[in-house]
Amino acid sequence: MNLEGEIDAAKIAEINRVIGQLIKGEMFGLILNFESVEHVNFTVLSSLIDERKRMQSFGGDIRLAGMSDYVKNIF
């Protein structure tokens with residue numbers, strides 16, 4: 001899933017929806033591409049961790065890719 005701009009509560013809600021659809025379709029892996037992300041609101045990180053745990057409970061995982069040094073520092 002390609003992300004862009006700022007990752008805020010609205011974007012996390014969209015990610016949660018996509019994860020729900022993936023699980024429903026018995027697909028348990030997701031790569032989040034942060035290449036075009038400018039900022040991540042740190043308050044949404046706990047939700048992202050919860051979603052990763054949910055995917056892992058089905059034997060899958062969420063991977064993060066393409067993060068700038070700035071975004072990595074937020075994590």
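Colleague: Which residue stands opposite glycine 29 in β3?

Modeller: In this predicted model, glycine 29 faces aspartate 61 in β3. Further along, leucine 32 stands opposite leucine 64 of β3.

Colleague: And what makes β2 and β3 a pair?

Modeller: Two strands pair if DSSP finds at least two bridges between them. Strand β2 (residues 29-40) and β3 have five bridges, in the parallel sense, so they count as paired by that rule.

Colleague: How do you know that β1 and β2 pair as well?

Modeller: With the cut-off at two bridges, β1 and β2 qualify because they are joined by five, again parallel. Among the opposing residues, isoleucine 7 stands across from valine 40 in β2, and glycine 5 has valine 37 of β2 as its bridge partner.

Colleague: Why are β1 and β3 called edge strands?

Modeller: The open sheet has three strands in the order β1-β2-β3, with parallel pairing. β1 (2-7) and β3 each have a single partner strand, so one side of each is left without a neighbour in the sheet.

Colleague: Where do the helices go, and what are their angles to the strands?

Modeller: Helix α1 (residues 9-24) lies across β1, β2 and β3, at about 150 degrees to β1. α2 packs on the sheet too, touching β2 and β3, and its direction makes about 135 degrees with that of β3.

Colleague: What makes a crossover right-handed here?

Modeller: Point the strands away from you and follow the path from the first strand over the helix to the second: if that runs clockwise, the crossover is right-handed. The unit of β1, α1 and β2 is right-handed, and so is the one made by β2, α2 and β3.

Colleague: Which element gives the most to the lining of the largest pocket?

Modeller: That's α2, with four residues. α2 (45-57) and β3 (61-65) each supply at least two residues of the lining. The residues are Leu45, Leu48, Ile49, Arg52, Ile62, Arg63, Leu64 and Phe75, and the space in this pocket comes to about 160 Å³.

Colleague: How many of those lining residues are nonpolar, and how do you know?

Modeller: Leu, Ile and Phe count as nonpolar and Arg as charged. The lining therefore divides into six nonpolar, no polar and two charged residues.

Technical notes
Residues are numbered from 1 along each chain as its sequence is written. This is a predicted model: local features need pLDDT of at least 70, side-chain atom pairs count only at pLDDT 80 or more; totals for chains, interfaces and linings use all residues. Side-chain values use heavy atoms; hydrogens and water are left out. On a 1 Å grid over the protein atoms alone, a cavity is a set of points where a 1.4 Å probe fits but cannot get out, and a pocket is an open set with protein on both sides within 12 Å along at least five of seven lines; lining residues have an atom within 4 Å of a point. Grid points are joined across faces, edges and corners, and a volume is the space filled by probe spheres set on the points. Contact means heavy atoms within 4.5 Å. Axes are lines fitted to C-alpha atoms, for helices over the stretch in contact, and angles run from 0 to 180 degrees between N-to-C directions.
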